[in-house]
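Dear colleague,

Please find below the structure that I am handing over to you. My notes on what was found in it follow directly after.

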Amino acid sequence: MPQNAMNEITDFFRTAEPAEARETLEFMLHECSLDQAPDRATVALWQTLLHERGGRFAALAALCRDWLETEQP
């Protein structure tokens, strides 16, 4: 996926409500095609961003962590 599209998704995670963020994150991590899939660096950025948002976003940060631990480089 083009970098500008990933930047838009990253910006979305900065402001989205938890339910919207979860839906988008699950799609990006598990359902999108390989040419649309994020790279490890992007998922690590999302993990940090969601962790920093705290509260209900902590579970989403954990989804990123789990993906990073199980996906092949």
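This is a predicted model: local features need pLDDT of at least 70, side-chain atom pairs count only at pLDDT 80 or more; totals for chains, interfaces and linings use all residues.

Asp66 is partly exposed, with a relative accessible area of 35%; here buried means under 20% relative accessible area, exposed over 50%, and partly exposed in between, with a 1.4 Å probe and protein chains only. Asp66 forms a salt bridge with Arg65, in which the closest N and O atoms are 3.3 Å apart; a salt bridge is a side-chain nitrogen of Lys or Arg within 4 Å of a carboxyl oxygen of Asp or Glu. Arg65 is likewise partly exposed, at 38% relative accessible area. The side chain of Arg65 also meets that of Glu69 in a salt bridge, at 3.9 Å from N to O. Arg65 and Glu69 are separated by about one helical turn, because they stand 4 residues apart in helix α4. Glu69, with a relative accessible area of 59%, is exposed.

Residues are numbered from 1 along each chain as its sequence is written, and side-chain values use heavy atoms, with hydrogens and water left out.

The structure holds 4 salt bridges. Among them is the one between Glu26 and Arg22, whose closest N and O atoms are 3.2 Å apart. These two residues are 4 residues apart in helix α2, which means that about one helical turn separates them. Glu26 is partly exposed at 31% relative accessible area, and Arg22 is partly exposed at 33%. In general, side chains of opposite charge can pair when their charged atoms come close.

I turn next to the aromatic residues. The structure holds 2 aromatic pairs, where rings of Phe, Tyr and Trp (its six-membered ring) pair if their centres lie within 6.5 Å, and planes under 30 degrees apart count as stacked, over 60 as edge-to-face and the rest as tilted. Phe12 and Phe13 form a tilted pair, 5.9 Å centre to centre with 55° between the planes. Phe12 is partly exposed, with a relative accessible area of 30%, whereas Phe13 is buried at 0%. Phe13 also pairs with Trp46: the centres are 5.0 Å apart and the planes lie at 80°, so this pair is edge-to-face. Because Phe13 lies in helix α1 (residues 3-15) and Trp46 in helix α3 (residues 40-53), the pair ties together parts that are 33 residues apart in sequence. The helices are DSSP runs (H or I, at least four residues; strands are E, at least two), numbered from the N terminus. Trp46 is buried, at 0% relative accessibility. Phe12, Phe13 and Trp46 form one aromatic cluster.

Which residues touch the most other members of the largest nonpolar core? They are Phe13, Leu25, Val43, Trp46 and Leu50, out of 19 residues in that core. Such a core is a set of buried Ala, Val, Leu, Ile, Met, Phe, Trp, Tyr and Cys residues joined through side-chain atoms within 4.5 Å. Helices α1, α2 (18-31), α3 and α4 (58-70) each supply at least two residues of this core, and α4 gives the most, with 5 residues. Leaving aside neighbours within four places in sequence, Phe13 is in contact (heavy atoms within 4.5 Å) with Ala21, Thr24, Leu25, Trp46, Leu49, Leu50 and Arg53.

Finally, the cysteines. The structure holds 0 disulfides, a disulfide being a pair of cysteine sulfur atoms within 2.5 Å. Cys32 counts as buried at 13% relative accessibility, and Cys64 counts as buried at 0%.

With kind regards
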